[in-house]
Amino acid sequence: MIAIIDYGAGNLFSVKNALDHLEFESIITSNPLEIHAADKLILPGVGAFPDAMRLLKETTLDELICEEAKTKPLLGICLGMQMLFERSFEFTETKGLGLIPGEVRAIEAPGLKIPNIGWSELFLENECPLSEGINEGDMVYYVHSYQAVTDKKYISLYSEYGGLVPGLVFRDNVFGTQFHPEKSGKVGLHMLKNFGEMK
Amino acid sequence: MSAKRIIPCLDVKNGRVVKGINFVGIREVGDPVECAIEYDRQGADEIVFLDITATHEGRGTMVDVVRKTAQNVFVPLTVGGGIRSVEDFRELLLAGADKVSVNSAAVQRPELLSEAATRFGNQCVVLAIDAKMIAPGQYHVFVNGGRIDTGLDAVEWAKKAERLGAGEILLTSMDADGTRNGFDLAMLDAICDSVGIPVIASGGCGTVGHFVKLFEETKADAALAASIFHYGDLTVNQVKETLWRRKIPVRMLEIKEAEYGIV
């Protein structure tokens, strides 16, 4: 069972639709017991970093997620991925979950459009369980104005937009995608399948 | 650098696709969900539903179409037609749309753009502009299917919309629409040069060469087309193959060799 964590932000149904399509059992929930009982967690998110972190703290889901991530696979998507890092500078400096070293900063891409909305190519930095079967040049769908800045050892796949944009990050059993795998066609579904099949 | 997007548009009335469809292998001709699945299979980078239903009951049907499509299609989905309020936005986004496009309601009440952007983020607010040339280099915004000249200058309207929170502009040239003589490159230049948000070109494409010309000669980020794909003249993937060979960045399907026999 995969728990899609509902903390009051973002479109959770797209992720659920993709998991249903792949025939993985999932549940959209904010209930700590259900989150604890699940064998994998997905932290989605659309919106602004400070609001989302505030919502996680108010519900004490932040502590629960950090505790659960010690023993089971966790996947953060888009803003959910950004929250895995130590801090963000969106609007104001805000502490994140700190599960992966690094921070979140505005995209620096002079002359390019912000937000970055669209399909970009992936390049490989390090193999990880989610990148299995993904080829360099495969494209995924991004919608973001901020990006992670982290050590290369935590980057599995990246894209280029102005500079390097971490696409898929990982540390042990914690994963994050800046792009939306649930909106990235076959390539995205393949990564969700990799996640769903993890032991 | 993002890939140039190819976006098929489906006109839907009372839950049925309006124009004739020539797809092979479709179970139910005229079912928008089936058509969207086929376009996804062909490599569409995004799918647009344009709801041309006039009645209230028809609106509910559209929400249902969006919900069913989102359960089966895993690329971004945009819905437009008859959107009047933030509530309309909410209903469609909850059903699974990723973006909502507004046209005449934003002309009447531009604040709708800022209200929707504040509430849902500007990435999901698309402003559709139907424009016509009224004098050389001068374009006006038209509503009601090109029948009513609002007197608004299209370039000024696009700039204002960007300031208010539109995340993207869908520009249809009423001069080029239906001609199959190619996109309106001059109009596109005028708009692309004035805004910093992505512009989707619509109206006029009749051949694959028109897509090439569009991306080689303008800064348009995407091309939207309806009939050329509906009638099966071209598949999305054929258009992308040609663009790819011309070194225009597009998202190619990994399965292209196996499924289409193209090397």
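Tutor: Happy to! This is a predicted model, in which local features need pLDDT of at least 70 and side-chain atom pairs count only at pLDDT 80 or more, while totals for chains, interfaces and linings use all residues. Residues are numbered from 1 along each chain as its sequence is written, chains are lettered from A and ligands numbered from 1 in the order in which they are written, and side-chain values use heavy atoms, without hydrogens or water.

From chain A, helices H1 (13–21), H3 (49–58) and H5 (79–82) and strand S10 (139–144) each supply at least two lining residues, as do helices H3 (86–95) and H5 (111–120) of chain B. These elements are DSSP runs (helices H or I, at least four residues; strands E, at least two) numbered from the N terminus. H5(B) gives the largest share of this lining, four residues. By class, the lining of the largest pocket splits into 23 nonpolar, 15 polar and eight charged residues.

The second largest pocket has a volume of about 910 Å³. Of its 38 lining residues, B:Asp11, B:Leu50, B:Asp130, B:Thr172 and B:Asp177 are closest to the centre. Two or more lining residues come from each of several chain B elements, including strands S1 (5–13), S6 (125–135) and S9 (168–173) and helix H4 (104–108). S3(B) gives the most, with three residues. The lining of the second largest pocket holds 15 nonpolar, 15 polar and eight charged residues.

B:Leu50 also turns up on the surface: with B:Val18 and B:Ile52 it forms a nonpolar patch of about 220 Å² accessible area together. In such a patch, residues have over 30% relative accessible area and no salt bridge, with nonpolar side chains joined within 5 Å and like charges within 9 Å.

Now to the charged pairs. There are 30 salt bridges over all chains (a Lys or Arg side-chain nitrogen within 4 Å of an Asp or Glu carboxyl oxygen). A:Glu103 pairs with A:Arg87, their closest N and O atoms 2.7 Å apart. A:Glu103 is in strand S7 (103–106) and A:Arg87 in strand S5 (87–88) of chain A, so this bridge ties together parts 16 residues apart in sequence. A:Glu103 is buried at 16% relative accessibility, whereas A:Arg87 is partly exposed at 27%. In chain B, B:Lys240 and B:Asp45 form a salt bridge with closest N and O atoms 2.8 Å apart. That pair links distant parts, 195 residues apart: B:Lys240 lies in helix H10 (236–245) and B:Asp45 in the loop between H1 and S3 of chain B. Both B:Lys240 and B:Asp45 are buried. Back in chain A, salt bridges with shared partners join A:Arg87, A:Glu93, A:Glu103 and A:Arg105 into one network.

Technical notes: Areas by Shrake-Rupley, 256 points an atom, 1.4 Å probe, with all protein chains shown as cover. Nonpolar A, V, L, I, M, F, W, Y, C, P; charged D, E, K, R; others polar. 1 Å grid on protein atoms, 1.4 Å probe; cavity = no way out; pocket = protein on both sides within 12 Å on 5 of 7 lines; lining within 4 Å. Points joined across faces, edges and corners; volume = space filled by probe spheres on them. Buried < 20%, exposed > 50% of the residue type's maximum accessible area, 1.4 Å probe, protein only.
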